[in-house]
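Biologist: I am new to this structure and would like to learn how to read it step by step. Could we look at it together, beginning with a single residue and ending with the contact between the chains?

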Protein chains: 2
Amino acid sequence: MINVSIIGSGNVAQHLITAFAKSKNIQLIQVYSRKEQPALLLPDSVVMIHDLNDLSEADLYIIAVSDNAIAEVSAQLPFKNRLVVHTSGSAALDALNDSNRKGVFYPLQTFTKNKEVDFTAIPFCLETQNETDYTIVEQAAKAISDKVFSINSLQRKSLHVAAVFVNNFTNHLYGIGNAICNEHNVPFEVLKPLIKETAEKVMQLSPNEAQTGPAKRNDTTTIEAHLAFLSDENQKNIYTILTQSIQDNVKKL
Amino acid sequence: MINVSIIGSGNVAQHLITAFAKSKNIQLIQVYSRKEQPALLLPDSVVMIHDLNDLSEADLYIIAVSDNAIAEVSAQLPFKNRLVVHTSGSAALDALNDSNRKGVFYPLQTFTKNKEVDFTAIPFCLETQNETDYTIVEQAAKAISDKVFSINSLQRKSLHVAAVFVNNFTNHLYGIGNAICNEHNVPFEVLKPLIKETAEKVMQLSPNEAQTGPAKRNDTTTIEAHLAFLSDENQKNIYTILTQSIQDNVKKL
């Protein structure tokens, strides 16, 4: 059994609270919120506090605040040499104050407010300054997720960049698909099953194996027809660059 | 009850055969294959033929062959004024020979061999030369799918381009994510739940609503850190262009 306290009242904090509440291996003790009345759902057994000085002893303190507040919050903790982790994918281990033992407890997922998340499927990327602390964060992560990975700061940095490609940029391509549909009075609904299946495919196949389409086939007739069809210069530009990138990649394989 | 015959023995033909076989509203009569021994699974009641002259009367003939074979196959049909459709997203209605009544029966999905497909969720994009024929193709599509759309040739063209963005290009972004992971010894597994959730999100939210990330927030510190982190010029280039495109889009909203 691990005693955990959470510092923060945002999206990630709420999702962690909900998940820990369901676990038998975690005793959630306190939740700190700067706001007097945060919109948080708490189990009965958990004490809500609004002053960091009220934090009692715990095995693990999880700081789930925005990236630029990590340094400040961790500097204000009224104790020393305890295990304190942050939940950020982009902040370094060093963002935490030196007075405590540091670690990272990063759930790699895009959290939407009020949308239920299956935590067991969320990858947790863990790192600790001291090797001996790793088992504690590992135990906490395994209590709520089936996918726990030891990821150092450099690796986490690479994951954060990779996540921009597979999440932010991918979503933007969905947006372009949506814009093309709107322009021609086609319901975006028509594309949704394809979007789902495209994501499903790489659960089993590598992206290189799953790649299809005119660029992959070097079907220049179709590529030229598509470019002639597009009226938006930005869309044309993205089409050209991604087609070229797919073709260059095919040559490398 | 509609009598249907299928001309072709590829991926799409097989998926249609399997789906029609399960429907009570469709009587699948014949399947034509050029090859003597195609790797097709047929219900008992269906007759396999290898000569187009052996085609008997049907309400609907579905040509499920590669795009560039549609014209030739449809020209070889030994009858006139019957309803003949193709299954291609990129071929025009005119690809079919003039001697028969034309139509399009296009399932918008990426088909993977040997991977079971839930046809009920696949959008069918339908078009017929004569309005009176529409009810026939509609009945055939509704027998196997819950998502049936009337889509004219121009709209279908736009869908085909949009599909390149949300399928081919998106998969390529998955590939870049995979490459970044490989470079830093991070298992691609870590990104898979994010890929799935990104696709899931736009089932309910519009892509504009679902957009997150440094480009959307105009978080130039993170954007610059990511660009400095990437070593591959092509990845840098794609990062820059898609970031710019997201930011331009935010301004338009």
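Modeller: Let us begin with A:N81, which counts as exposed because its relative accessibility is 52%. The cut-offs, taken with a 1.4 Å probe and protein chains only, are under 20% relative accessible area for buried, over 50% for exposed, and partly exposed in between. This is a predicted model, in which local features need pLDDT of at least 70 and side-chain atom pairs count only at pLDDT 80 or more, while totals for chains, interfaces and linings use all residues. Residues are numbered from 1 along each chain as its sequence is written, chains are lettered from A and ligands numbered from 1 in the order in which they are written, and side-chain values use heavy atoms, with hydrogens and water left out.

Biologist: Where does A:N81 lie in chain A, and what is its phi?

Modeller: A:N81 belongs to the loop between α2 (70–75) and β5 (83–86) of chain A, where helices (H or I, at least four residues) and strands (E, at least two) are DSSP runs numbered from the N terminus. Its phi is positive, about 60°, although A:N81 is not a glycine. A:N218 also has a positive phi, of about 55°, without being a glycine, and it sits in the loop between α7 (214–217) and α8 (220–229) of chain A. A:N218 counts as partly exposed, because its relative accessibility is 47%.

Biologist: Which residues does A:I49 contact, leaving aside its neighbours within four places in sequence?

Modeller: A contact means heavy atoms within 4.5 Å. With those neighbours set aside, A:I49 is in contact with A:Q30, A:V31, A:Y32, A:S33, A:D54 and A:L55. A:I49 is placed in strand β3 (residues 47–49) of chain A, and it counts as buried because its relative accessible area is 6%. Sequence distance and spatial distance can be read side by side here: A:I49 and A:Q30 are 19 residues apart in sequence, and their C-alpha atoms are 6.9 Å apart in space.

Biologist: How should I read a salt bridge, and how many are there over all chains?

Modeller: Side chains of opposite charge can pair when their charged atoms come close. The rule asks for a side-chain nitrogen of Lys or Arg within 4 Å of a carboxyl oxygen of Asp or Glu, and it gives 16 salt bridges over all chains. One of them joins B:R101 and B:D133, at 2.7 Å from N to O. This pair links distant parts of the chain, 32 residues apart, with B:R101 in strand β6 (residues 101–107) of chain B and B:D133 in the loop between β7 and α3 (134–142) of chain B. B:D133 is buried, since its relative accessible area is 4%, whereas B:R101 is partly exposed at 21% relative accessibility. In chain A, A:D219 forms a salt bridge with A:R217, their closest N and O atoms being 3.0 Å apart, and A:R217 counts as exposed because its relative accessibility is 52%.

Biologist: How many salt bridges are counted between chain B and chain A?

Modeller: Two are counted between chain B and chain A. B:K196 pairs with A:E200, the closest N and O atoms lying 3.7 Å apart, and this pair crosses from helix α5 of chain B to helix α5 (residues 192–204) of chain A. The side chains of B:E200 and A:K196 also meet in a salt bridge, at 3.8 Å from N to O. B:K196 is partly exposed at 36% relative accessibility, and A:E200 is partly exposed at 26%.

Biologist: What area is buried between chain B and chain A?

Modeller: The size of an interface is often given as the accessible area lost when the parts come together. Summed over both parts, with a 1.4 Å probe, the area buried between chain B and chain A is about 7800 Å², of which carbon and sulfur atoms give 71%. The contact takes 80 residues from chain B and 79 residues from chain A. A:H160, in helix α4 (residues 153–183) of chain A, touches residues of both chains, among them A:Y106, B:T222 and B:H226. A:H160 counts as buried, because its relative accessibility is 17%.

Technical notes. Buried area = accessible area lost by both parts, 1.4 Å probe.
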